[in-house]
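Let's take a walk through this protein together, one piece at a time. Have the sequence and the 3D view open as you read.

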Amino acid sequence: SCAVLTDGKVMCWGVNELGQLGDGTITDRNTPVEVPGVVSATSVSTGEPQSCALLTDGSVMCWGSGYFGDGPYSEMRAPFDAIGIPSGVTQIAVGRLHSCALLTDGSVMCWGSNYQGELGDGTNIPKTVPVATLGVANAVNIAVGGGHGAHSCAVLSDSDIQCWGSDGQGERGNDALQT
């Protein structure tokens, strides 16, 4: 778990076997520890093996083990600037093995595992840097799912919801269950 403090710092606690607490170690923590180098966070999103913070300038910092940095499952025990995300991010959503960013223009960029099309780029090839999600415009909110049903969704400005990725258990909400 992670929390943003009123001064923009981030504190995390819990399992840390992949560096997802961002304190530079792989030591589990029962009490919150400060994530060094993150000083102007507005929000934080956590997944199973990684965490990301949105900063006041619209940039993103991530840490843990995931599809970013030097390649799939690279272990980054301390925060680093997420590569390939333009400034102007308004929201981040971190899932089990993929993450997405909502940009000020209403577009969405995602990165990570993509075996079920959860990045929305028209492929099923994992990406270590963010790619544009095709066909999503005017998004105002995003969410990602993980586990066996990796998917992503965006709420659009007209209140419609657009989802992509796995639909094996109805995750996309389009009544098209797949087996």
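Start by finding Ile-85, which touches Val-60, Ala-101, Trp-111 and Pro-130, leaving out residues up to four places away in sequence. Touching, or contact, here means heavy atoms within 4.5 Å. Before going on, keep in mind that this is a predicted model, where local features need pLDDT of at least 70 and side-chain atom pairs count only at pLDDT 80 or more, while totals for chains, interfaces and linings use all residues. Residues are numbered from 1 along each chain as its sequence is written, and side-chain values use heavy atoms, with hydrogens and water left out.

Buried means under 20% relative accessible area, exposed means over 50%, and partly exposed is in between (1.4 Å probe, protein chains only).

The labels come from DSSP runs numbered from the N terminus: helices (H or I) have at least four residues and strands (E) at least two. As a bit of background, nonpolar side chains tend to be buried together in soluble globular proteins.

Next, look at Val-108, whose place is in strand E10. Is Val-108 buried or exposed? Val-108 has a relative accessible area of 1%, so it counts as buried. Leaving aside neighbours within four places in sequence, its contacts include Cys-100, Leu-102, Val-131, Ala-139, Ile-142 and Trp-164. Val-136 is another contact of Val-108; the two are 28 residues apart in sequence, yet 6.7 Å apart in space, C-alpha to C-alpha.

Time for the disulfides. A disulfide is a pair of cysteine sulfur atoms within 2.5 Å, and by this rule the count comes to four. One of them joins Cys-2 and Cys-12, with sulfur atoms 2.0 Å apart. The torsion about their S-S bond is about 105 degrees, so this disulfide is right-handed. The pair links distant parts of the chain, ten residues apart: Cys-2 sits in strand E1 (residues 2–4) and Cys-12 in strand E2 (residues 10–14). Both Cys-2 and Cys-12 are buried.

Another disulfide joins Cys-100 and Cys-110, with sulfur atoms 2.1 Å apart. The link of Cys-100 and Cys-110 is right-handed, with 100 degrees about the S-S bond. Cys-100 is in strand E9 and Cys-110 in strand E10, ten residues apart. Cys-100 counts as buried at 1% relative accessibility, and Cys-110 is buried at 0%.

Finally, Cys-153 and Cys-163 form a disulfide with sulfur atoms 2.1 Å apart. Cys-153 lies in strand E13 (residues 151–156) and Cys-163 in strand E14 (residues 161–165), so this pair ties together parts ten residues apart in sequence. Counting bonded cysteines along the chain, the disulfides follow the pattern 1-2, 3-4, 5-6, 7-8.
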